[in-house]
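Have a look at the model first, then work through the steps.

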Amino acid sequence: MTHHVLVAYHSHAGHTARIARTIMETIVAEGHACDMMDMMEAVREGVDWARYDIVIVGSPIVYGVYNKIVWEFCSLYKNEIESRPNSFFNVTVVARTPEKATPEGNRYLQKFVKRSPWKPRDLKCFAGKVDYPHWNLFERTMIRLIMRITNGPTDSAVPIDYTDYNDVKAYARHCLQLDKLQARRSPRR
Ligand SMILES: Cc1cc2nc3c(=O)[nH]c(=O)nc-3n(C[C@H](O)[C@H](O)[C@H](O)COP(=O)(O)O)c2cc1C
């Protein structure tokens, strides 16, 4: 069966968009159709839901929270997402350590599951990018402060991409199986 997948994403500084694109390219390379859509566009302009049979939603964490557009998207389209096989991924720098890269160990993911009106049936954490050269002075200063406390990288001249792109590709292929996997088990709550 050929799927048509929607990857709805929010990205503060471009990295989650890159992950969403990798997912899309992997799905297309597997012989399926896939569109990626910024959640802002999806909320403001609408989504042609009839086209899609699998939904993937992804967002980064910025200053400990999800952008409000993520909550708007999940509230507005709760029924449309829930009626299809679905998955949620988040992107955080805390996930650079293995224990915080699991849905159980990543408190931001737990926060999403608790607060979201849509309860995702599949969950994934990706480690993001420390991109000091592209962040503004305030962001750079704040994140360097946090990194100093948490023993992370503080050299502001060097971007560090913690994302494992093979894992992103594996996740994309996994999502193509969600119709079979989610038909067999009840929602994850
Ligand atoms: C201003 C700012 C605040 C951030 N706050 C957090 C945070 O609270 N926790 C965390 O794990 N990562 C945090 N990050 C890291 C981002 O989640 C990571 O850089 C991610 O790759 C950003 O994705 P984006 O480029 O799609 O926005 C922050 C990044 C920025 C720029």
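The exercises below treat a helix pair and then a sheet.

The model is predicted: local features need pLDDT of at least 70, side-chain atom pairs count only at pLDDT 80 or more, and totals for chains, interfaces and linings use all residues. Residues are numbered from 1 along each chain as its sequence is written, and side-chain values use heavy atoms, leaving out hydrogens and water.

**Exercise 1.** Describe how helix H1 and helix H7 pack.

Step 1. Two packed helices are described by the angle between their axes and the distance between the axes.

Step 2. For H1 (residues 15-29) and H7 (residues 165-175), the angle is about 55 degrees and the axes are 8 Å apart. That makes H1 oblique to H7 (under 35 degrees is roughly parallel, over 145 roughly antiparallel, 65 to 115 roughly perpendicular, and the rest oblique).

Step 3. Now list the contacts (heavy atoms within 4.5 Å). In H1, the residues His15, Arg18, Ile19, Thr22, Ile23, Thr26 and Ile27 meet Tyr165, Val168, Lys169, Tyr171, Ala172 and Arg173 of H7. By class, the residues of this contact are seven nonpolar, three polar and three charged.

**Exercise 2.** In what order do the five strands of the open sheet lie?

Step 1. Strands pair if DSSP finds at least two bridges between them. The order is S2-S1-S3-S4-S5, with parallel pairing.

Step 2. Strand S2 (33-38) and strand S5 (123-127) are the edges, each pairing on one side only.

Step 3. Val5 stands opposite Ile54 in S3.

Notes
Axes fitted to C-alpha atoms, helices over the stretch in contact; angles between N-to-C directions. Helix = DSSP H or I, 4+ residues; strand = E, 2+ residues; numbered from the N terminus. Nonpolar A, V, L, I, M, F, W, Y, C, P; charged D, E, K, R; others polar.
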